[in-house]
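Me: Hi! I've got a protein model open and I'd like to talk it through. Can you help me look around?

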Amino acid sequence: MYYSKSTGGFYTKEIHGKNIPTDAVEISTEERVALGVSESSGMRITADEKGYPIAIEPPLPIHSKTSLLAKVATKRWEVETGGIQIGNTAIATDRESQAQLISAYTLLKSGLIADTQWKSDDGSFTLATLTDLEPVAQAVGAHVRACFAAEKAHAESIDAVQTQA
């Protein structure tokens, strides 16, 4: 069995005959099997300084500022809409839940309604007043604010990066 540094390929005389690159070096079947096992576990096959195949960790991907900013925005959205815990109560923070909470809070705060039925995650209903919803609205607002502040801080750090390293 042979390995060619110039092509990155493996060759055998039985299959390739005389069409084996001139830089090919001979390796044992056991070495080829071990390289195959390494490759199947995510390693990359390359050549050492003498042209013999070796398994190395693949290089880390290169990320552009645009791709990093997109990852940060995605993470912010996941955390923002992933919910919060207030005491023993799970509070949904998906966009629809945020909108419903702010709408109910605004109506209560402006005095347009005195109370409202509020449906919990478990399907039960509770009569909620401004006193009940205000701390929830404040907590959700603080959570969303913190998510965007974190995204902004990360975006500024990414923007300040001058090189990939």
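Predicted model: local features only at pLDDT ≥ 70, side-chain atom pairs only at ≥ 80, totals over all residues.

Me: Got it. Where does H143 sit, and is it buried or exposed?

Reply: H143 belongs to helix α5. Its relative accessibility is 15%, so H143 counts as buried, because buried means under 20%.

Me: You mentioned I84. What is I84 in contact with, beyond its neighbours within four places?

Reply: I84 is in contact with T89, A90, I91, T93, A139, V140 and H143.

Me: Which residues make up the largest nonpolar core?

Reply: I84 is one of them. The twelve residues are I84, I91, L101, A104, Y105, L108, A128, L133, V136, A137, V140 and V144. Two helices, α4 (95-109) and α5 (130-160), each supply at least two residues of this core.

Me: Which element gives the largest share?

Reply: That would be α5, with five residues.

Me: How far is I86 from V136, along the sequence and in space?

Reply: I86 and V136 are 50 residues apart in sequence, and their C-alpha atoms are 7.8 Å apart in space.

Me: And how accessible is I86?

Reply: I86 has a relative accessible area of 30%, so it is partly exposed. That label covers values between the 20% and 50% cut-offs.

Me: Let's change topic. What is the volume of the largest pocket, and how many residues line it?

Reply: The largest pocket has a volume of about 530 Å³, and 20 residues line it. Those nearest its centre are A90, I91, W118, K119 and S120.

Me: Which elements give two or more residues to that lining?

Reply: They are β7 (89-91), α4, β8 (116-119), β9 (125-128) and α5.

Me: I91 keeps coming up. How far is I91 from E49?

Reply: E49 and I91 are 42 residues apart in sequence, with 59 Å between their C-alpha atoms.

Me: Where is E49, and is it buried or exposed?

Reply: E49 is in the loop between β4 (44-47) and β5 (53-56). At 71% relative accessibility, E49 counts as exposed.

Me: Back to α5 for a moment. Is K152 buried or exposed?

Reply: K152 lies in helix α5. With a relative accessible area of 52%, K152 is exposed, because the cut-off for exposed is over 50%. The C-alpha atoms of K152 and A104 are separated by 29 Å, and the two residues are 48 apart along the chain.

Me: How many aromatic pairs are there in the whole structure?

Reply: The search finds one aromatic pair. The ring centres of Y3 and F10 are 5.0 Å apart and their planes are at 55°, so the pair is tilted.

Me: Are Y3 and F10 buried or exposed?

Reply: Y3 counts as buried at 2% relative accessibility, and F10 counts as buried at 18%.

Me: One last thing: where is G9, and what does it touch?

Reply: G9 is found in strand β2, residues 9-11. Leaving out residues up to four places away in sequence, G9 touches Y2, Y3 and S4. G9 is buried, with a relative accessible area of 15%. As for distance, G9 and N19 are ten residues apart in sequence and 12 Å apart in space, C-alpha to C-alpha.

Technical notes
Residues numbered from 1 in each chain as written. Heavy atoms only, no water. Core = buried A, V, L, I, M, F, W, Y, C linked by side-chain atoms within 4.5 Å. Buried < 20%, exposed > 50% of the residue type's maximum accessible area, 1.4 Å probe, protein only. Helix = DSSP H or I, 4+ residues; strand = E, 2+ residues; numbered from the N terminus. Contact = heavy atoms within 4.5 Å. 1 Å grid on protein atoms, 1.4 Å probe; cavity = no way out; pocket = protein on both sides within 12 Å on 5 of 7 lines; lining within 4 Å. Points joined across faces, edges and corners; volume = space filled by probe spheres on them. Phe/Tyr/Trp six-rings, centres within 6.5 Å; stacked < 30°, edge-to-face > 60°.
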